[in-house]
Amino acid sequence: MPDINLVYYEDNRELREGLAFLVEATPGLKLLGAFGNCHNLPEEIRTLRPDVVLMDIDLPGISGIEAVPLVKAVSPAIQVLMLTVFDDEDKLFQAIRNGASGYLLKHTSPSELLAAIFDLHRGGSPMTASIARKVLLHFQSAPVPATQQLPTEDYRLSTRELDIVKGLVAGYSYKLIGADLGISIDTVRSHIRSIYDKLQVNSKTEAILKAMREKLV
Amino acid sequence: MRNWKHLFYSFCLLLALLALPQPAGAQTSETSFRRFTTEQGMSRDEVTALARDKRGFLWVGTLNGLNRFDGAQFKVFKRTDSAAGLPANHVLTNGITPDSLGYLWIATIRGLCRFDPVREQGQLVPLPQLRDQLADNDFVSPVGFDSAGQGWFASIDRLYRIDPRTLRRTAFALPYVIPNECPLPVPATQGNVWLISQGAIYLFDPVRRRYQYVQGQDLTHPNAPEYFQRLVPGRQQRWYAVAQQGVFQYDAAQQRFVAEGARNFNVQAMVETRGPQGQPACWIGTSGRLTYYNPVSKRYTDLVHSPDDMHSYPGGITLALLNDERTGMLWVGTTRGLAVIDPLSNKFKRQFVRSPDPKRYLEDVRVVHQDRKHDSLYWVLTNQPGLMRWQRQHQQLTPVLDPPPGYLYDLVQDKQGQVWVGHDGGLAVYSPATRRWQQRPIWLKAKTLAVPGKVAIEHLLLDRQEQLWLGSAAHGLLLYDPKRNQTTVYPLPVEAGEACQVHRLQEDRRGRLWVLTSLGLFRLSADRKQVQRIRLQASTPTVHQSDRVQSTFLLDQHDNLWLSSLGLVVQADTNGRVRHTYTMANGLRADYTYGLAEDQRGHIWLATDEQLHELDPTTHQFRYYGRSSGLLVNSMYQTFTANRQGELFIGARGGFNYFQPVQLRRNQVPPPVALTEIRVNNRPRPVSDRVELQPGEQTLTVAFAALNFSQAQKNRYAYRLEGFDSGWTSTDARTVTYTNLAPGHYSLHIRAANNDGVWNLTGQTLTVRVQPAYYQTLWFKILLAATGMVALWGIYRYRQVQQLQLAGVRDRIAKDLHDDIGSTLSSIRIFSEVAQVQLADAHPATVSLLQRISTNASTLAESMQDIIWTIKTNHDGLPDVVTRMREFGLRLTEAKSIRFTMQVTEPFPALRLSVEQRRNLYLIFKESVNNAVKYADCTHLQVQLIVSGRQLQLLIEDDGCGFDLTTARTGNGLSNLETRARDIRGQITFTTAPGAGTAVALIALLA
C-alpha cells in the first residue's frame, strides 16, 4: 500500500515538530510538509499534492476553518482532518460544513492519532457526541432549498442516518451504535460519511443561494 | 280769568292742606326703611346717585366717592390720580347711568368717566374744557341713553351725543349757555332729545339740529307759568316734569306737560313706580320727606323722619331714587345716608304707642282687640296709660280717659259694645257710648281668701252663653254675673291651700271651656257641670314635665290641643294624648312660649322669647321672624290677638305688630351671584371668570356675594371646587380659600340662596388653572422617567458589557490555554511516546519512566480540558454537562467492558448552571465513575439523573464489590466528594457494604 501523504499546518512549534517526528517514525505515513500558517496554502497544496491535510484550527492570519475550502478548491479529493486542543463545537461544525472530514483532539494519545489518520484515509469519519447534536439540530432546522437549479436528491437525513446521529448524541461509540442498530461498524462509518457529505452539500447549497442572492442584490 | 280762579283754588287747597292738624302721637309705620351710612362702610353719607349694574351690584355715588354695595359690604372707589380711576370723588346728582354694554357712565365734578364695573377701571371722556386747566367748568350732566344705544349728555357749553363703545362724540350747540349751569338731556322718542335748561323744556332734533321750545320759563318766555326743575323719564314713553306747582306728565296729544295733582314742593328727585293696581305711580324725594303719589286717587303720602323709629325715613334731602321693579325695592339716597324700602323683608306692620307723658317708660301693649261693630276700630290695652282707641284707617291712637288705676291685663267686649277690662283690683267696664267707666271690684266670700280684698283679674272670656269668666291671679277660675254683680268661684279639682293662677282661657268648638292654670290644665264640659283635669300622656320622657311650667295652650280648628312648656311644645288630642313633640332638636328655639295662634292655613304661630315661630304642622318645619323682618322685638312676652279678617296682632314694648299670615310675601327671586374679589397669595387680581396660578402662588381666596339686598345677612352660600372637593360645602361666609392646589384644571362653582331660601343653582363659575412648576409638569415627569429608564438601561447594558467582557476574558483564557498549553502538552506526550518506541529495545526499564511522563502529560491535558470546558461560557446548560458525562462514562467503561447506562429525566429540562455547579457536578460524577471503574470491579454501572423542579438527583450505582464505609472515610476521596457536594448546596450519601455494590447519591438544589 502506498504511503499516505500528509501535510501539516500547526502554529505551535513544539507540537509541529513533535508530530512531524511521530509521523516520520511511523511506517505508512509520509510527511510532505509542516507549515506554521496558511498564507501560501494553495501553492503548497498544489505543489505537494497530499492525501490528507492535518489542520490546526487556530492559526494566525487565515484560520484553519477558512483554509479548509482552499484545500478543497485545489483538489476535492484531499481529506482534511482538523486538529484542536478543545472541541469547540461551533468551530468544528463550521469546519465540517466547509468540507473537513473530521476532527481530532490534540491530547488524544499519539497512537490514537495515527489510527485516526489511517481510518480517515480508509473512509471513516470520526464524530463525537457534541458534534452529532449539532448535526441533528442542523438538519432539523435546515430550510429546504426551493430553487430548481439544484439536483432533486433529498438532502435530508434518512431514518437510519438519523438513528445514528441520535445514538451519537447519546454518547454511544460506533461499536455500541452498531450493536444497537444491528449493523457493522463500517456501515456506521459510511453512514456518518454520507451525513458529512450532506452537511457539505447543504453548506454548498447555502453558498450558492447566497451567491445568487448577492447577484440579485 | 280762568287762570286766576285756578290759582285761587289751588291756593285755598294749599292752605287747607297746611291747616289740617297733624295727628298727635300717631306714627304712620306701614312702610319701613333700612338704612346704611358711613357706619356700614359707605364713603360718605350724602348720597347723590344710585344705579344698578348688569351683574346686580348697587352703585352709590356720594359727595366723596363711588361705592359698590352687594347687600352686606361697601367697596369704595376714589380718585387715584391714575388715568384708569375716577376723575373726581364728587359724583353729581343722578350721575351714574348704566349702558347696554355693561359700563357705568359716571358724571363727576371733573368730568365724565366710562367705568368698567367688572375690571374696576375707568376711562375719562376727553372734552375741550378739560384742557383749559380750570377746574370749575369740568362738570357734565348725567348721561341718558336713547333707543339706539347712543348716549346724550351736556357740558356747560355743548350738547353731546356719544357712542358708548368707541367714545366718539358729536357736539351740538345749546339753545342758551348759562354760566355755571349744565342742562340735562333726556332722550325722547324718534331720536329726539328733551333738554331741560334752567326752567324751560325743549325738544331737540339732532338731524335738523333744531331746538323746539315746549314749555317753561326761559329768556324768550319769561312769563311762562311753570319753572321746571326736573325732567324724569318714566316707562313706556312717559315723561314727568317737576315744577313748583307739582308733578307734570307729558301729554303727547297736547304736546305739552300737563299738571298732575296739585302740590307745592321742592322736588329733588323722582322715580316712577308701579302702584297697587299696576298703574304708574311716583316716588318724589324732597327736602325732609319722601312722598308717594298715586295718580289714580291723586293722593300724596308723605314719609317723614321720626327720631324714635330707626326704620323711618332717614331725613335730609333725597337726591337720588332707584326703583327695582323685580323686587319692588325702592332705594333712597339722601344726604343722611342710603335707605331702602324693602317690601319683601319687612313683612310686619307696626304701630307705635307713645305715652303722652314723656317721663314715663314705654309700656307693654297687651291686647289689640277689634271692635265688635267697626272693623277699623280697635281697643288697645297697655299697662299704662291703659285703654286706647285705635282708628286704623286714620292711623290714630287716642287714649281713653280715666282708666282704672293699677295695671290693666285683659279686655273683652260684650254684645252691647261695652269693654270689660280686668285689672289689679278686679273688673272695670267702659261704655263707648257714654264714655264712662264703671268699677266692678271683685270680692270673694270663699274661705280660701285670707283677707277679703280685691282679686286681680288677668284673663277674661265671654263664652257662647254670654257668661263672663274671669281668670284670677291667685284664686283660679271665677264666674261673674254682671247683672247681679256677683262672683262665684268655680271649683277646680286642685289641692286646697295652693294659689291657683290662671294663664289662659279658651272655649273650643264644642263649647267646652279650657282653663290653663299654674296647677294644671282643666276642661269644663259644655254645660259647665263637669270638670276634668287633662294631663299629657306620652311615650317619650321629654314630655313628662311638671304641669306648673305650662305657659299657654291653643285649641286649633282640627280640635288639636297645643300646649307649651319649658322648651317644649306638644300637639295632643283633646284628652291629652300627645301626637307630636317639638323641642330644640326639631326646631323649637324657644325656652318660653307665651302665645299660640293659628292662621287660616292651619299654621301655628308661636310668640316666644326667641323670635316669632311659624310652624307648618304637616311638614313640621319652622320659620323664624325677628327684628330684621320688621318685628319690634325678638322676644315676645305677650299672646296673640286676632281680628275677624285673620290678621294677628302681637303686643310688644312701645307698640305692636300686626300682619296677615297668609299674605306674608316670600322673596321668590333667586339672587344673582357675583365674585367680588379674587386674591392670589393675598394680592388682589382683576375679577374675571378665570384665574391662573403660577408655581409659587399657593393661596387662592375668592370672595363672592349673592346680590339679594333683602335681608342680605340671611343669604346662604354653597361652593364646590370641581376637581378637588367631592361635594358642596355650605357656608355663611362670603369667602373661600384654597391653598396648595395640585397642578391642573379646576372649576369653582358658587351657589347662593336669598333670605327666604330660594336658591340660584347656576350661580357663578370660576375656572382655575394651576400651572405646574417645572418639576411638576408632565414633560418633566416624562423626562425624569425617561432619564430613569435610560439610566437603568445604561446600568443593565453596562453590566451586560461587563459580563460580556468577563465572558470574553473567560474565552480568552480558554483560548490561550487552548493553544499554548494544550499544544505543548501534546508535544510532550508525542515525544515521550516516540522515545518509548525507540528505547523499547535498548533500555526497557526507561520505558516505564517515559510512560509516566506521558501519563502525567495526558492527565494534565485532561484536567485542563475539564477546566476549559467548565469555564467556557456556552456550556451553561445542563444538557451540555450530561453530554460530557455520557461521553466520559462511555469512554471509561468501554475500555473495561463495563456496561454503562445513563438515564436522564424526559423531557429534559433546559436548566442553566453556574460555573461552580457545572464543575462540581461533573467532577463528582467523574470521580465516582472513576472510583467505580478502578476499584469496584463491576460489570454494570448505572447512572441516573433526575431533575424535578429545582432539585437535581444524581445516582451512580454499580454492582461491584463495594467497600467498608467506616474505614474509607479516612481517605481524601470521600470527604472531597462531600465538600464538592456542599459547595453546590447539595448532599451526598454513600450506600455501600462489602459485596453489595456501591450507590452514590447526590441531591442538590439548583438555583
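**Figure 1. Cavities in the predicted model.** Seven cavities of 30 Å³ or more are found in this structure, which is a predicted model. The second largest cavity holds about 70 Å³ of space.

**Figure 2. Lining of the second largest cavity.** The lining is formed by B:Arg52, B:Asp324, B:Arg326, B:Thr327, B:Met329, B:Asn667, B:Val669, B:Pro671, B:Pro672, B:Leu707, B:Asn708 and B:Phe709. By class, these lining residues comprise six nonpolar, three polar and three charged.

**Figure 3. Helices α4 and α5 of chain B.** Helix α4 spans residues 878–895 and helix α5 spans residues 915–936, both in chain B. Their axes come within 10 Å and cross at roughly 15°. Because angles under 35 degrees count as roughly parallel, α4(B) is roughly parallel to α5(B). The crossing of α4(B) past α5(B) is right-handed.

**Figure 4. Residues in the contact of α4(B) with α5(B).** From α4(B), the contact takes in B:Leu878, B:Val881, B:Arg884, B:Met885, B:Phe888, B:Gly889, B:Leu892 and B:Thr893. These meet B:Arg918, B:Leu921, B:Tyr922, B:Phe925, B:Lys926, B:Val929, B:Asn930 and B:Val933 in α5(B). The contact has 10 nonpolar, three polar and three charged residues.

**Figure 5. Helices α2 and α3 of chain A.** Helix α2 (residues 41–48) and helix α3 (residues 64–74) of chain A have axes that come within 9 Å and cross at roughly 35°. α2(A) and α3(A) make a right-handed crossing. On the α2(A) side, A:Leu41, A:Pro42, A:Ile45 and A:Arg46 meet A:Ala67, A:Leu70, A:Val71 and A:Val74 of α3(A). Seven residues of this contact are nonpolar, none is polar and one is charged.

Definitions and conventions
Residues numbered from 1 in each chain as written. Chains lettered and ligands numbered in written order. Predicted model: local features only at pLDDT ≥ 70, side-chain atom pairs only at ≥ 80, totals over all residues. Heavy atoms only, no water. 1 Å grid on protein atoms, 1.4 Å probe; cavity = no way out; pocket = protein on both sides within 12 Å on 5 of 7 lines; lining within 4 Å. Points joined across faces, edges and corners; volume = space filled by probe spheres on them. Nonpolar A, V, L, I, M, F, W, Y, C, P; charged D, E, K, R; others polar. Axes fitted to C-alpha atoms, helices over the stretch in contact; angles between N-to-C directions. Helix = DSSP H or I, 4+ residues; strand = E, 2+ residues; numbered from the N terminus. Parallel < 35°, antiparallel > 145°, perpendicular 65-115°, else oblique. Left-handed = near helix turned anticlockwise from the far one by under 90°. Contact = heavy atoms within 4.5 Å.
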